[in-house]
Amino acid sequence: MASLDPLLDKDGVRLVVDEAIATVTLTNPAKRNAQSPTLWRALAEAGKALPGTVRVVVLRAEGKSFSAGLDRQAFTPEGFDGEPSFIDLARGSDAELDAAIAEYQEGFTWWRRSDIVSIAAVQGHAIGAGFQLALACDLRVVADDVQFAMRETGLGLVPDLTGTHPLVGLVGYARALEICATGRFVAAEEAERTGLANLAVPADQLDDAVRDLAAALVGAPRDALIETKTLLQGAVDRTYEDQRVAERAAQGRRLRDLAGLGD
């Protein structure tokens, strides 16, 4: 068994690797795992630190809440120590503002890499940036006390941490618009029914359910899982006929590999 010493433990993010399964944990329960630019950079660093042996990444959070969203200190004139405030960012050029937001998004983009499957284990509140972080993962297992909400529109902003694309893909345009525009809570039953959650379980069973799912994923042949994930990720942008072609090509690669005829 691999060492369970953290590969990274900073700015509210801890990364531990146990053979093929990595666990990224939000570690600031006293602030309900509120998010900041330093946390987003730590999330991006965790993605870069993953060993090539990792096949499944579990995202979890300490405490009663997965994440209460953006730390409201971001909206104060002083912002965070060592960081430009959002007010300062707004005074910059369009290019500077775009670059800053693009850097923030990097902590949310690597979770859907084709070589891993990511699972968010979500309990309690997952608000705004917290909701978007859960949406960044491939799969979501939620506790029965979960409360998703997208509050950015109510603050005069838009969701900008990569959450809009997966949200529309999961629940459709009309429901996604309604969730974002109203900022209402989405509880566990609705999350599971509408596809936001793959599974909803009692809170005391969340860790076990995620552990079982991670084990099942690790049990699948790695190359076949990577090909399947890539095939499914591209399906939405392909026509039916194009998807048939992609299926044939992927299966051809698998058959050649199994026959020892691959590159």
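**View A. Helix H4 buries Ala129, Gly130, Phe131, Gln132, Leu133, Ala134, Leu135 and Ala136.** Buried means under 20% relative accessible area, exposed means over 50%, and partly exposed lies in between (1.4 Å probe, protein chains only). The model is predicted: local features need pLDDT of at least 70, side-chain atom pairs count only at pLDDT 80 or more, and totals for chains, interfaces and linings use all residues. Residues are numbered from 1 along each chain as its sequence is written, and side-chain values use heavy atoms, with hydrogens and water left out. Eight of the eight residues of H4 are buried, leaving this helix mostly covered. Helices (H or I, at least four residues) and strands (E, at least two) are DSSP runs, numbered from the N terminus.

**View B. Strands E6, E8 and E9 form an open sheet, in the order E6-E8-E9.** Pairing in this sheet is mixed. Two strands pair if DSSP finds at least two bridges between them. The edges are E6 (125–127) and E9 (186–187), each pairing on one side only. E6 and E8 (residues 147–149) run parallel and are joined by three bridges. Ala126 has Phe148 of E8 as its bridge partner. Helix H4 (residues 129–136) packs on the sheet and touches E6 and E8. Contact means heavy atoms within 4.5 Å. The direction of H4 makes about 95° with that of E6. Axes are lines fitted to C-alpha atoms, for helices over the stretch in contact, and angles run from 0 to 180 degrees between N-to-C directions.

**View C. Strands E2 and E3 form a hairpin.** Strands of a sheet pair through backbone hydrogen bonds, either parallel or antiparallel. E2 (residues 13–18) and E3 (residues 21–26) are antiparallel, with six bridges. Val13 has Leu26 of E3 as its bridge partner. Two residues lie between the strands. In the turn, Glu19 has a positive phi of about 55°.

**View D. The crossover from E3 to E4 passes through helix H1.** E3 runs parallel to E4 (residues 56–61), and six bridges join them. The β-α-β crossover through H1 (residues 37–49) is right-handed. Right-handed means that, with the strands pointing away from the viewer, the path from the first strand over the helix to the second runs clockwise.

**View E. Strand E5 is covered on both faces.** Six of the six residues of E5 (residues 117–122) are buried, so this strand is largely enclosed by the rest of the structure. In a regular strand the side chains alternate between the two faces of the sheet. Here Val117, Ile119 and Ala121 lie on one side, and Ser118, Ala120 and Val122 on the other. E5 pairs with E4 in the parallel sense, over four bridges. Val57 stands opposite Ser118. E5 also pairs in the parallel sense with E7 (residues 139–143), again over four bridges. Ile119 has Leu139 of E7 as its bridge partner.

**View F. Gln35 sits in the loop between E3 and H1.** Gln35 is buried, at 0% relative accessibility. Its side chain reaches the backbone oxygen of Ala129 at 3.3 Å. Leaving aside neighbours within four places in sequence, the contacts of Gln35 include Trp40, Asp71, Phe80, Phe108, Gly130 and Leu133.

**View G. Glu83 and Ser85 both lie between E4 and H2.** Glu83 is buried, at 12% relative accessibility. The side chains of Glu83 and Arg41 make a polar contact (2.4 Å). A polar contact is a pair of N or O atoms within 3.5 Å; within protein, one must be able to donate a hydrogen and the other to accept it, and residues adjacent in sequence count only if both atoms are side-chain atoms. Leaving aside neighbours within four places in sequence, Glu83 also touches Pro37, Thr38 and Glu78, among others. Ser85 is buried, at 1% relative accessibility. Its side chain reaches the backbone oxygen of Pro77 at 3.4 Å. H2 covers residues 86–91.

View H. The structure holds zero disulfides. A disulfide is a pair of cysteine sulfur atoms within 2.5 Å. Cys137 is buried, at 0% relative accessibility. Cys180 also counts as buried, at 12%.
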